[in-house]
Structure formats: structure tokens, C-alpha cells
Amino acid sequence: MRSKPIPGPTADLFAEDSSQQSAGSEQMGEQSYVLRGYALPWVERLLPELRHVLAQSPFRKMVTPGGFTMSAALSSCGELGWSTDRTGYRYTPLDPDSQQPWPVLPDSMRQLAVAAAAEAGFALFEPDTCLINRYVPGAKMSLHQDKNERDYAAPVVSVSLGLPAVFLFGGHLRTDKTQKVLLLHGDVVVWGGVDRLRFHGVLPIKEGVHPQIGPQRINLTFRMAG
Ligand code: SIN
Ligand code: FE2
């Protein structure tokens, strides 16, 4: 696949016109890529399906085991959904708020995730869960590893919609140096294989209004959890 190195730490990530979507891909690590604008052809079909999901399982604030309320609001769809409370992080078949199964993973979302995984070299990706994160300006995601899935053979596929974000992609130690990657509406990040357990996070979202998504960023992360 076509790839170019991402800008070094000295490059000004905000210098480019963020309304300009560049195509192609950038390699972040041995088995991790940013696929620029990859989700754009899916967005029109995906948004009504996402709205339908959120009508069944609305965004909610969750508390970490350490007692902190996350600044991003969360929901899920698929056979399993991720949640956290004072007793731990887990995947469950039922939405703990409604006690109903999580909404079905819509076709458009599944197809996008499968295609993006294949584009990044991960064939046979069959996600059983999509975590939906909503960031309003100021919201962030601290550095963490995705470790609640049963096996790490499958990659994580992450779709960015709405306001831009600076994604931090670190190493296998929390203290490892991080790459800063500006993610725009429609960008997809895939990390797996030797990069599957790398620390990652999101810097606080800047104020703004996205023409299609409004004053927020929505992130979809697809995984094989069960
Ligand atoms: C996550 O790591 O769960 C979310 C990453 C993102 O919002 O880009
Ligand atoms: Fe994550």
C-alpha cells in the first residue's frame, strides 16, 4: 500500500488547512496506519444508522475504576459493548443502562471497518463490537492500552468524524515517546499485530463546529472482543 512517513515532532500539525482532506495513507508503526479520508464514502450511509443506534443506547458518562468520570461520553453497538464503572472495565452483551442487548452493529459500519482493516493488511477482521466515543471541545482520552479484548490477534479500527483531534500514539510503556497525529473527519486509524498494545490517547478537542457533525468529535472503534 502507498504510505509516507508522518511528520516529525517538530512539524506544526495545525499549519495545514484542516478543511483540506488529503488521500493516501501514513504508516505510524510496523503494523499501524492512518488511512486519510478512508471513511468519507461511507459517511452519508453511516450517519442515519449511527443515529438509530444512539436512539437505542444513548451516550452516557462513565466512571473509571479509579473514580474519575471520563470526559468523553460513550455508547456501543454490536454483540458486545464496553463499559466501565467503579468495579472495573468490561464487555457485556447487555447495555447496563437499559438491560437490553446493545444495538445491532449496522452494515455500513461493519463494512467500513472490515475494508479498512484489509487495507491495512488485516484480512478476516470480523468486529463484534463498536465503541462510540463523543468528545465535546475540551474532552480528551488519557493514554491507555486496549486490553479488555479476549485475544489481541485482531486489530483496532478507529474512525474519526467531526472536529479534528490530535491522536497520541505511543509505545508499549506509558512513558514512551508519543507520535502526534492530526485526525480529521473521515480519517481511519488501524493498529494491530506488533502494534496492537501500544499506548494511545487523544489531546483535548479544540473549540469548533464541524459542518456535518456539529460542535463535537465522534470516534468509532471496532474490535473483536469476544
Ligand atoms: C479510544 O482509544 O478508545 C479512542 C481513540 C480516539 O478517540 O481516537
Ligand atoms: Fe483505546
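**Exercise 1. Val-190 and the nonpolar core**

Task: Find which residues Val-190 is in contact with, leaving aside its neighbours within four places in sequence, and then describe the core in which Val-190 has a leading place in the count of contacts.

Solution: Setting aside the neighbours within four places in sequence, we find Val-190 in contact with Ser-32, Tyr-33, Leu-35, Ala-116, Ala-117, Ala-120, Phe-122, Pro-155 and Val-157. The next step is to turn to the largest nonpolar core of this predicted model, which has 54 residues and in which Ala-116, Val-188 and Val-190 have the most contacts. Helix H2, residues 107–119, gives the largest share of this core, namely 5 residues.

**Exercise 2. The recorded binding site**

Task: Work out why His-144, Asp-146 and His-200, which UniProt lists as "binding site" in an unreviewed entry, can be said to gather at one spot.

Solution: The three positions come from the UniProt record. They span 57 residues in sequence, yet no two of their C-alpha atoms are more than 8.7 Å apart, so they gather at one spot. Taking two of them in turn, Asp-146 is in the loop between strand E8 (141–144) and strand E9 (156–162), and because it has 20 C-beta neighbours inside 10 Å it counts as buried. His-200, in strand E13, also counts as buried, because it has 25 C-beta neighbours inside 10 Å. Apart from neighbours within four places in sequence, Asp-146 is in contact with Val-156 and Arg-223, while the contacts of His-200 include Leu-143 and Phe-167.

**Exercise 3. The shell around ligand 1**

Task: State which residues surround ligand 1 and how many of them are nonpolar, polar or charged.

Solution: Leu-131, Asn-133, Met-141, Ser-158, Phe-167, His-200, Val-202, Asn-219 and Thr-221 surround the ligand. Sorted by class, this shell has 4 nonpolar and 5 polar residues, with no charged ones. Finally, strands E7 (129–135), E13 (200–202) and E14 (217–223) each supply at least two residues of the shell.

Note on methods:
Residues numbered from 1 in each chain as written. Chains lettered and ligands numbered in written order. Predicted model: local features only at pLDDT ≥ 70, side-chain atom pairs only at ≥ 80, totals over all residues. Near = placed C-beta within 6 Å. Helix = DSSP H or I, 4+ residues; strand = E, 2+ residues; numbered from the N terminus. Nonpolar A, V, L, I, M, F, W, Y, C, P; charged D, E, K, R; others polar. UniProt positions renumbered as here; feature names shortened; annotations may be inferred. Buried ≥ 20, exposed ≤ 12 C-beta atoms within 10 Å, placed from the backbone. Contact = placed C-beta atoms within 7 Å. Core = buried A, V, L, I, M, F, W, Y, C linked by C-beta atoms within 7 Å.
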